[in-house]
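Please look through the structure shown here before reading on.

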Amino acid sequence: KLLANLLEKKINQRNTQLINLKTNYKFKINKMWFVKSKQGIDLLAHNHPEGVISGIYYYKVPKKKSPGLLKIKNPRDNIKVISQIKNYVKKDKEIIIKPAENSLIIFNSYLLHSVINQSSNESRISIPFDANISKN
């Protein structure tokens with residue numbers, strides 16, 4: 001609950017960059033889970049129809065070899081990436097992100113996304129979530 005509250009606060013501080021919400025609305029996390037990914041684990045393309053936005057907080061990311069790249073489909077080639085770090089590339093209507101420890105990635109829930117090339121023998125620990133819009 002504490003992490004959900006911290007993430008909601010962070011997301012809602014920047015919600016004007018994510019979506020044009022009226023002041024009496026905010027994002028509220030409705031689902032959150034814990035993922036521990038080991039070497040050789042890929043995740044097939046999927047989306048999250050139960051949310052408006054989805055996100056991943058990377059708690060622990062292996063420093064050696066590939067930690068598993070996040071691929072987000074960008075079918076219209078119109079997604080704006082808002083980031084202070086340059087750990088992503090846009091390629092062939094996809095955004096490919098190399099996760100960084102203590103980073104947060106947020107995207108539209110309807111977008112297909114997958115994880116490829118987890119080649120490190122260290123585990124990657126992430127906390128994905130879905131959020132909807134609620135009235136204050």
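Ser123 lies in the loop that links strand 9 (113-118) and strand 10 (124-135), where helices (H or I, at least four residues) and strands (E, at least two) are DSSP runs numbered from the N terminus. This is a predicted model, in which local features need pLDDT of at least 70, side-chain atom pairs count only at pLDDT 80 or more, and totals for chains, interfaces and linings use all residues. Residues are numbered from 1 along each chain as its sequence is written, and side-chain values use heavy atoms, with hydrogens and water left out.

Is Ser123 buried or exposed? With a relative accessibility of 13%, Ser123 counts as buried, given that buried means under 20% relative accessible area, exposed over 50%, and partly exposed in between (1.4 Å probe, protein chains only). A second residue, Pro99, sits in the loop between strand 7 (94-97) and strand 8 (103-108), and Pro99 is buried as well, at a relative accessible area of 5%.

The table lists the contacts of both residues, where contact means heavy atoms within 4.5 Å.

| Residue | Relative accessible area | Contacts, leaving aside residues up to four places away in sequence |
|---|---|---|
| Ser123 | 13% | Lys36, Ser37, Lys38, Lys60, Pro62 and Gln118 |
| Pro99 | 5% | Tyr58, Val61, Pro67, Gly68, Leu69, Asn87 and Arg124 |

Pro99 can also be placed relative to Val115: the two are 16 residues apart in sequence, and their C-alpha atoms are 10 Å apart in space.

Turning to the whole, the secondary structure of the protein chain comes to 2 helices and 10 strands, and from the N terminus on the elements run α-α-β-β-β-β-β-β-β-β-β-β. The radius of gyration of the protein chain is 15 Å, close to the 14 Å that the globule rule gives for 136 residues, so the chain is as compact as a globular protein of that length; this radius is taken over C-alpha atoms, and the rule is 2.2 Å times the number of residues to the power 0.38. Among contacts between residues at least 6 apart in sequence, 80% join residues at least 24 apart, and 38% of the 136 residues count as buried.

As for confidence, pLDDT is the predictor's confidence in each residue, from 0 to 100. The mean for the protein chain is 88, and 93% of its residues reach 70 or more. Among the elements, strand 4 (residues 53-60) has the highest mean pLDDT (94) and helix 2 (residues 15-18) the lowest (66). Where pLDDT is low, the predicted coordinates should not be read in detail.
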